[in-house]
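Trainee: I have just opened this one and would like someone to walk me through it. Could we take it a piece at a time?

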Amino acid sequence: MTDKAVLRITQASMQTLLTDRGRQGAGRQGLSQGGAVDGYSFDWASHLVGQAADSAGLEILIGPLALDVLQDCQVAITGAPGDILLDGVAQPSWQTLSLKAGQHLVIGQCDAGLRRYLAVGGGFQGCIQFGCVTTVPREHLGGLCGDGAALQQGDVLTLARQPTFIPHLSVPEAARPDFPDQLCVQVVMGYQYDLFSSSAVRQFGLSQYTVSQRADRMGVRLTGPAIESPVTQMASEGIGLGAVQIPADGQPIVMLNDRQSIGGYPKIGSVYPRDCQRLAQLAPGARLRFSTCSVFDADNRFHLERAQWQHWLAQMISTAGEK
Amino acid sequence: MTVKIVTAGVDGVIVYAAVDGLEQAHQQVCGWQHTLEQAAPAWLQDSVVSYRSLYLQYDVQRVDHLFVRHWLMQHCVGTETTPAANAPPPKVHTLPVCYSLPDDHDRARIAEHHGISEQQVIDRHCQQEYRVYALGFAPGFAFLGEVEPGLAMPRLPTPRQRVPAGAVAIADRQTAIYPTQSPGGWNIIGRCPVTLFNAGRNPPALLRVGDTVRFKAITADDFERLWSERGNHD
């Protein structure tokens, strides 16, 4: 065991993936984008341990995940809420945690939402492919060994870099998202939007949909009132994050990070990126509504949210060291 | 026909070719992608050519929809003289295929469907040059077209759970090689021993969009030899 070994998995969750921000320019090569599906939570976890957002952390589906601490380190756990126990003592999420060698960390099952994130000071080491370590199980690429495998009991995680220990940080309350079981997401009208009939567009905007069991990192299938599909056959084309496909059965599918780079179903628009992250936290059975907007509304929202986020980040750093 | 630039999310647009024929349309969108990549603007994050369209993703921190639309009109889609004007010269691949292995389930079905012999299926598949119209489905999977109408075959009603790595198959007027073992609903007619995807290679996919592919029939012995040389197959 190397001196970089930091955590050993003693109990694996349903699916725990080594992940990061995903690949740049992957579609050009016919590959999935990958990366943490709730990138918002993931980025905060990275900042809490003083890591650049491009370093690797864990995406924990549901939990519980149990780990032995092999060397002193700093970690942060964000994303869906749930217990965090360090040698049996409850710990806060959305804050820097300092761990000592020999301790035992249990990240419990989520109370709401689906995915929890863990970042470590120094970042995790993985097999770098296409400029990152993101695990894409569907492609059998990325992760610890480059074969797309989820982490298993007994796996030892090592640090990518020598960590710098930082003063304790805590994400401002206002910046911590809620994990509701009902959501209204914004959809930027686009792709084949103009081909859908006005009644199909109304149906889409007014109906309530339910997240089905067939929801994963590739896409979220919804069930609800069918939307009339405008074309039966079209040439496959590139599809971006959040594209809302309407197959022949009229049940929408929102495409997420591990989607294929091209697809041949008509699309009514794209779920706004931040809303994709929230949608990725919805468990089967959760309710969803769509509200359409223009690309200009979406662009405006992007810049407002970014300014807000920078303000929160500055606020977090200005209160560093306070508990 | 006029060029159509359509919104594809807050950070993407999709541009559709302005010509009718599939091959010409594809040459045109390949040309646009080539121009875009030569210019390599800092805001460009990804671009995907597929059949008649070019999808591109931009950095919304740097530019917006109107900027990209204007840039494309100025530098790309408004300027060329012929569809193929800006396209890079295609790379030509000749790929060996064994059409005589026992697990090529569907060759006889295709022959029967078109009232021809199995040898004619092989001849027809080999005699044509195919164009890589898109990459997708799985790493290294290239959609090649178009198969002549006398060889076209609809997908299987129920996809197979397991299609072996290297399977050469037909669906409608497309043909492709499965790079790794996976589920699949295309009609299998042969096996190709060449490694199509290797994460450690740059570029990882052997076939690139716009390339040209020809198939060459090989014997089962040649296949076995090439297959064993290929290494890391699954």
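**A walk through the two chains**

Mentor: Let us begin with A:Asp43, which is buried, with a relative accessible area of 14%. Please keep in mind throughout that this is a predicted model.

Trainee: Okay, so which side chain does A:Asp43 meet in a salt bridge?

Mentor: The partner is A:Arg21, and the N to O distance in that salt bridge is 2.9 Å. The two come from distant parts of the chain, 22 residues apart, with A:Arg21 in the loop between β2 (15–19) and α1 (39–48) of chain A and A:Asp43 in helix α1 of chain A.

Trainee: And how many salt bridges are there over all chains?

Mentor: The structure holds 22 of them over all chains. In chain A, for instance, A:Glu59, A:Arg115, A:Arg217 and A:Asp258 are linked in a network.

Trainee: What about chain B, what does B:Arg107 pair with?

Mentor: B:Arg107 forms a salt bridge with B:Glu118, with the closest N and O atoms 3.0 Å apart. Because B:Arg107 lies in helix α3 (residues 107–114) of chain B and B:Glu118 in helix α4 (residues 118–126) of chain B, the pair ties together parts that are 11 residues apart in sequence. B:Arg107 counts as buried at 8% relative accessibility, whereas B:Glu118 is partly exposed at 34%.

Trainee: Switching topic, how much area do chain A and chain B bury between them?

Mentor: They bury about 2,900 Å², 60% of it on carbon and sulfur atoms. On the chain A side, A:Arg28, A:Tyr191 and A:Ile262 lose the most area to chain B, together 22% of what that side buries.

Trainee: How many salt bridges does the rule find across that interface?

Mentor: The rule finds one, and A:Arg28 forms a salt bridge with B:Glu37, the closest N and O atoms being 2.4 Å apart. Of the elements on the chain A side, α4(A) gives the most, with seven residues.

Trainee: One last thing, which residues of helix α2 in chain A are buried?

Mentor: In α2 (residues 198–206) of chain A, the buried residues are A:Ala200, A:Val201 and A:Phe204. Seen down the axis of α2(A), they fall within an arc of 100 degrees, so they line one face of the helix. The face turned away from that buried side carries the exposed residues A:Ser198, A:Arg202 and A:Leu206.

Key
Residues are numbered from 1 along each chain as its sequence is written. Chains are lettered from A and ligands numbered from 1 in the order in which they are written. This is a predicted model: local features need pLDDT of at least 70, side-chain atom pairs count only at pLDDT 80 or more; totals for chains, interfaces and linings use all residues. Side-chain values use heavy atoms; hydrogens and water are left out. Buried area is the accessible area (1.4 Å probe) that two parts lose on being put together, summed over both. A salt bridge is a side-chain nitrogen of Lys or Arg within 4 Å of a carboxyl oxygen of Asp or Glu. Helices (H or I, at least four residues) and strands (E, at least two) are DSSP runs, numbered from the N terminus. Buried means under 20% relative accessible area, exposed over 50%, partly exposed in between (1.4 Å probe, protein chains only). The arc is that of the directions from the helix axis to the C-beta atoms.
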